[in-house]
Amino acid sequence: MGTEHLEDAPEFLMTDKNFEYIRTLAYQQTGIVLPERKKHMVYSRLCRRLRVLGLSDFNAYCRALEKDHQELPNFINALTTNLTSFFRENHHFDFLRDVVMAQWKKSGKKRIRVWSSACSTGEEPYSIAMTLQPLLNQSQLDIKILATDLDTNVLAKAQAGVYPQESLDNISPELIKASFSPLGNQYEVKQSLKDNIHFKQLNLLQPWPMKGPFDVIFCRNVMIYFDTDTRKQIIARFRTLLSNDGYLIIGHSETLHHISEDFTLIGQTIYRPIS
Ligand SMILES: C[S@@+](CC[C@H](N)C(=O)[O-])C[C@H]1O[C@@H](n2cnc3c(N)ncnc32)[C@H](O)[C@@H]1O
């Protein structure tokens with residue numbers, strides 16, 4: 001019985017006050033809402049930081065966060081959820097190819113800007129680049145993909161562009177051949193594809209240095225972590241950076257209903273601005 005009790009005891013003590021401090025700081029810094037039901041997840045994600053820092057409990061960790069800001073990026077990186085995959089929600093890439101690229105061709109558009117605004121480990125912007133591949137070698141076109149995320153760890157992985165074979169399951173053998181080079185038992189995105197993507201750390205809550213206009217903005221599977229006010233603010237700012245004939249693409253469980261009147265739904269989680 002004694003052993004059972006010991007096994008159940010948490011490695012580090014996290015008081016309600018500690019959790020309150022952590023979730024307030026996370027909200028202020030990232031917009032991510034951490035309700036009570038996520039306490040266990042927060043605990044297990046931050047335990048690693050306590051071990052690295054050699055701290056004995058969450059009181060000490062909260063003090064470390066208060067004392068100097070060096071721990072803040074690690075704190076943020078530990079709390080973000082980075083799940084992604086190549087051609088996730090594939091209908092968005094079909095739409096990009098069949099509708100958007102066809103529209104650009106018809107209008108003779110030369111300058112094309114696409115923003116992957118929560119790019120995680122890079123699968124989303126590389127899927128965009130693979131979709132745009134037929135246009136990328138056309139010297140008369142000026143195409144740039146901006147890929148941003150708050151989390152510096154995932155951004156470093158995105159920039160490296162090296163992925164295990166199993167993560168390429170959604171990609172045809174022809175596209176793998178055209179887009180990746182084998183690297184040991186992994187695959188690296190070809191430099192010619194990487195060259196079209198500009199990776200940058202950017203917190204959606206803070207000022208954005210870009211002027212736009214963007215032709216397509218991907219903001220997928222990040223707004224689910226935000227509250228309504230944060231969503232409203234970010235969507236309003238997307239509108240100012242999106243060209244009048246551009247598209248805003250969001251995640252499968254997200255909606256602009258009750259969030260913005262500036263957009264109209266024209267496909268599955270695909271919006272156009274109302275001009
Ligand atoms: C679940 S991933 C989504 C990745 C990709 N967009 C997709 O749909 O597959 C969410 C990403 O949002 C990022 N994120 C969370 N809060 C953010 C913020 N305030 N600013 C920018 N990125 C943020 C996280 O770091 C994470 O990489």
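The structure is a predicted model, in which local features need pLDDT of at least 70 and side-chain atom pairs count only at pLDDT 80 or more, while totals for chains, interfaces and linings use all residues. Residues are numbered from 1 along each chain as its sequence is written, and side-chain values use heavy atoms, with hydrogens and water left out.

The protein chain is divided into domain 1 (2-79) and domain 2 (91-273), with bounds that come from an automatic or database domain assignment. The C-alpha centres of the two domains are 32 Å apart. Where they touch, ten residues of domain 1 are in contact with ten residues of domain 2, contact meaning heavy atoms within 4.5 Å. Together, domain 1 and domain 2 bury about 830 Å², with 48% of that area on carbon and sulfur atoms; buried area is the accessible area (1.4 Å probe) that two parts lose on being put together, summed over both.

What kinds of polar pairing, then, occur at this interface? Four residue pairs are found in polar contact across the interface of domain 1 and domain 2, both residues being at pLDDT 80 or more. A polar contact is a pair of N or O atoms within 3.5 Å; within protein, one must be able to donate a hydrogen and the other to accept it, and residues adjacent in sequence count only if both atoms are side-chain atoms. The number of salt bridges between domain 1 and domain 2 is zero, a salt bridge being a side-chain nitrogen of Lys or Arg within 4 Å of a carboxyl oxygen of Asp or Glu.

The structure as a whole holds twelve salt bridges. Among them is the pair Lys109 and Asp215, with N and O 3.0 Å apart. This pair links distant parts of the chain, 106 residues apart: Lys109 sits in the loop between helix H6 (91-107) and strand S1 (111-116), and Asp215 in strand S7 (residues 214-219). Helices (H or I, at least four residues) and strands (E, at least two) are DSSP runs, numbered from the N terminus. Lys109 is partly exposed at 22% relative accessibility, whereas Asp215 is buried at 4%; buried means under 20% relative accessible area, exposed over 50%, and partly exposed in between (1.4 Å probe, protein chains only). Salt bridges with shared partners also join Asp16, Glu36 and Lys39 into one network. Within it, the closest N and O atoms of Glu36 and Lys39 are 4.0 Å apart.
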